Amino acid sequence: MEPGRVGEEVLPKRGRTGQEGDLLDPLQVHRVRAVLSLGGVPHGDLPDGVQQVRLRLLERTAAGHEAPRDVGAWAAVVASNLAADWHRGRSRQDRLRTRLEALNPPDAGAEGGQEARLLSLTVAAGLDALPDAQRQVLVLRFYADLSVPRIAEALNIPVGTVKSRLYNAARAMRERLHVDEVV
């Protein structure tokens with residue numbers, strides 16, 4: 001069959017990466033879930049987010065584009081964009097309520113639980129307060145562990161812009177932690 005025909009399985013041109021024909025390997029899935037979660041997507045919506053990333057990879061391949069050179073980095077950027085889309089679509093109150101529920105495990109009374117909870121809430125609120133572009137590069141750099149050049153390439157922006165956004169985002173987060181007297 002010719003590429004793009006109905007009934008033909010669409011695969012990335014650089015091969016499958018996961019088991020059982022999955023386009024994402026388990027480490028990539030874990031990274032995507034982490035990026036989505038840090039972007040404010042509730043735990044219950046993470047499987048849908050992972051599926052959206054897979055769908056975007058399939059759509060890219062079906063459109064005749066070559067598979068990304070680094071599927072993991074590409075998937076993290078797509079997850080970051082999905083989280084930003086989700087983030088824009090939800091009210092601040094809903095996001096905070098979801099995070100509070102997730103941060104209140106049954107053993108929350110354990111030693112250090114309150115401090116860790118306070119820090120988590122402050123970081124979550126700080127991330128919420130950042131502009132989308134700054135939040136995106138901060139999450140990609142420190143939570144998805146992408147290098148500055150990889151972020152620049154994935155977002156199609158200059159390296160200097162990534163550095164500037166990282167600097168401003170880190171400064172804002174640092175100020176937030178000091179204002180809230182967490183550090």
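Colleague: Happy to dig into this one with you! What does D132 count as at its relative accessibility of 27%?
Modeller: This is a predicted model, in which local features need pLDDT of at least 70, side-chain atom pairs count only at pLDDT 80 or more, and totals for chains, interfaces and linings use all residues. Residues are numbered from 1 along each chain as its sequence is written, and side-chain values use heavy atoms, with hydrogens and water left out. Buried means under 20% relative accessible area and exposed over 50%, with partly exposed in between (1.4 Å probe, protein chains only). Because its relative accessibility is 27%, D132 counts as partly exposed.

Colleague: Which side chain meets that of D132 in a salt bridge?
Modeller: A salt bridge here is a side-chain nitrogen of Lys or Arg within 4 Å of a carboxyl oxygen of Asp or Glu. The N to O distance for this pair is 2.2 Å. Both residues lie in helix α6 (residues 132-142), three residues apart, about one turn of the helix.

Colleague: How many residues apart are E153 and R69?
Modeller: Their side chains meet in a salt bridge at 2.9 Å, N to O. E153 is partly exposed at 46%, and R69 is exposed at 61%. The pair links distant parts of the chain, with E153 in helix α7 (residues 148-155) and R69 in the loop between α2 (46-62) and α3 (71-89), a separation of 84 residues.

Colleague: Stepping back, how many helices does the chain have?
Modeller: Helices (H or I, at least four residues) and strands (E, at least two) are DSSP runs, numbered from the N terminus. There are zero strands, and from the N terminus the elements run α-α-α-α-α-α-α-α. The number of helices is eight.

Colleague: What volume does the largest cavity have?
Modeller: On a 1 Å grid over the protein atoms alone, a cavity is a set of points where a 1.4 Å probe fits but cannot get out, and lining residues have an atom within 4 Å of a point. Grid points are joined across faces, edges and corners, and a volume is the space filled by probe spheres set on the points. The structure holds one cavity of 30 Å³ or more; among the 10 lining residues, those closest to its centre include G39, S80 and R135. Its volume is about 70 Å³.

Methods: On a 1 Å grid over the protein atoms alone, a cavity is a set of points where a 1.4 Å probe fits but cannot get out, and a pocket is an open set with protein on both sides within 12 Å along at least five of seven lines; lining residues have an atom within 4 Å of a point.
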